[in-house]
Amino acid sequence: MATKAAGTFLLIFIILEVGARWLAHTRIDEGSTIPIAGIFYLTNVTNQGSGLAFGWSSIAWLMLGLVVSTAICASFLAAWFLSPALKGNPFIKLGVGASAMTIAVALLNIGEVLLRKGVTDYLALIDVERGAAWIINAGDVVLYLSLGLVAVSYVGAFAMILGSSVRSAGTTG
């Protein structure tokens with residue numbers, strides 16, 4: 001049941017994110033902002049990944065992120081399918097879901113870079129008093145949250161495995 005709900009959430013997120021990027025790109029002039037409330041604005045900015053580290057292109061970084069996210073997801077799936085003791089582990093379930101979200105965001109961004117030569121950012125947080133602005137999309141937020149959940153999943157699963165090993169070693173000694 002939880003797996004079906006996670007898959008449904010993933011599909012809904014993808015549809016909403018593609019729709020939001022398309023609406024921003026087609027309905028808001030590039031560089032324009034529309035106030036929503038307080039410091040929140042809608043905008044349309046194409047992020048072409050300028051100034052990326054090591055001189056790599058944005059597509060190279062996105063592909064690397066996709067490969068790493070897929071490897072992480074595969075490690076959680078391997079634990080799920082190959083270890084009967086971990087099959088119901090909530091940290092493994094969380095890890096699969098969170099790493100699947102990172103894969104979805106990477107694929108969305110790769111698709112947009114290939115089609116439009118950049119990723120559409122449409123949410124602006126503008127702090128006029130500080131003279132600061134952050135321009136992102138929902139995929140960025142989901143990516144950061146998912147990466148945090150992946151880390152929690154690894155630590156939690158490791159702690160549960162370690163605790164289980166310590167308990168079983170104590171009963172055999």
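## The hairpin

Strand 3 and strand 4 make a hairpin, with four residues between them; in its turn, Gly 131 has a positive phi of about 70°. Strands here are DSSP runs of E, at least two residues long, and helices are runs of H or I of at least four, numbered from the N terminus. The model is predicted: local features need pLDDT of at least 70 and side-chain atom pairs count only at pLDDT 80 or more, while totals for chains, interfaces and linings use all residues. Residues are numbered from 1 along each chain as its sequence is written, and side-chain values use heavy atoms, without hydrogens and water.

Strand 3 (residues 119-127) and strand 4 (residues 132-136) run antiparallel and are joined by five bridges; two strands pair if DSSP finds at least two bridges between them. Leu 125 stands opposite Trp 134 of strand 4.

The open sheet has four strands in the order 1-2-3-4, with antiparallel pairing. Strand 1 (33-37) and strand 4 are the edge strands, each pairing on one side only.

Four bridges link strand 1 to strand 2 (residues 40-47) in the antiparallel sense. Phe 40 in strand 2 is the bridge partner of Ala 37.

## Asp 127

Asp 127 belongs to strand 3. Its relative accessible area is 19%, so Asp 127 counts as buried (under 20%; exposed is over 50%, partly exposed in between, with a 1.4 Å probe and protein chains only). Leaving aside residues up to four places away in sequence, Asp 127 touches Ala 132 and Trp 134, where contact means heavy atoms within 4.5 Å.
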